[in-house]
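Here are a few exercises to work through with the model open beside you. Try each task before reading its solution.

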Amino acid sequence: MTNSRTLSHSAVVTADGLTMTLPVPPSINHQYATVNGRRLLSSTGRAYKAQVGRQVWVMLAQSPCAPSFRERIRSGPLALSIRFFFSTSLRRDLDGGLKIAQDAICEGLDVNDNRIIETHLYKHVDKTNPRIEVSLSCLPVSPHVS
């Protein structure tokens with residue numbers, strides 16, 4: 001499912017955020033299956049979420065900043081930025097991979113994705129190395145956000 005170069009990008013964890021490179025999520029048509037009239041996450045979708053969860057876990061296990069980062073992400077609002085690098089610009093919608101990527105990252109961090117109050121998406125083309133570059137940042141607590 002992933003290009004070996006996708007996993008070679010370094011991940012960085014600080015007390016205020018993380019950046020990491022992940023595989024491109026499956027297309028929306030491959031994320032869900034209909035079973036007995038119900039829409040369920042497909043085996044491809046479940047495999048993607050499991051893979052991302054493993055990568056997040058390894059990244060945190062290797063970072064000395066992980067404890068302070070975990071504390072911060074559980075106590076305030078978050079911003080998520082995802083740069084999608086597709087093999088072509090015309091075959092994928094920008095927003096089709098947002099939900100599964102966001103869910104997978106947040107589940108890997110054991111944090112509810114409702115903490116994300118700001119999202120930025122970008123679409124690029126890299127024919128030889130499709131991937132997503134993710135940044136999750138802790139935001140200052142605002143009196144307008146509850």
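Predicted model: local features only at pLDDT ≥ 70, side-chain atom pairs only at ≥ 80, totals over all residues.

**Exercise 1. Classify the pair formed by the rings of F84 and F86, and decide whether F84 is buried or exposed.**

Solution. Two quantities are needed, since a pair of aromatic rings is described by the distance of the centres and the angle of the planes.

- Step 1: the count of aromatic pairs comes to one.
- Step 2: in that pair, the centres of the F84 and F86 rings are 5.5 Å apart and the planes meet at 20°. Planes under 30 degrees apart count as stacked, so F84 and F86 form a stacked pair.
- Step 3: for burial, the cut-off is under 20% relative accessible area. F84 has 0% and is therefore buried. F86, at 3%, counts as buried too.

**Exercise 2. Work out which residues of helix α3 are buried, and what they pack against.**

Solution. Take residues 66-73, the span of α3.

- Step 1: A66, F69 and I73 are the buried ones. Why do they share a side of α3? They do so because they cover an arc of only 65° around the axis.
- Step 2: recall the helix geometry. An α-helix has 3.6 residues a turn, so residues three or four places apart point the same way.
- Step 3: look at the other side of α3, where P67 and E71 are exposed.
- Step 4: list the partners. The buried residues of α3 pack against strands β1, β2, β5 and β7, and against helices α2 and α4.

**Exercise 3. Locate D113 and decide whether D113 is buried or exposed.**

Solution. D113 lies in the loop between α4 and β6. Its relative accessible area is 18%, so D113 is buried. Leaving out residues up to four places away in sequence, D113 touches K99, Q102, D103 and C106.

**Exercise 4. Compare the radius of gyration of the protein with that of a compact globule.**

Solution. With 146 residues, a compact globule would have a radius near 15 Å; the protein has 15 Å, so the two agree. The C-alpha atoms fill a box of roughly 40 × 35 × 25 Å along the principal axes. As for contacts between residues at least 6 apart in sequence, 79% join residues at least 24 apart.

Definitions and conventions: Residues numbered from 1 in each chain as written. Heavy atoms only, no water. Buried < 20%, exposed > 50% of the residue type's maximum accessible area, 1.4 Å probe, protein only. Helix = DSSP H or I, 4+ residues; strand = E, 2+ residues; numbered from the N terminus. Arc of directions from axis to C-beta. Contact = heavy atoms within 4.5 Å. Phe/Tyr/Trp six-rings, centres within 6.5 Å; stacked < 30°, edge-to-face > 60°. Rg over C-alpha atoms; globule rule 2.2 N^0.38 Å.
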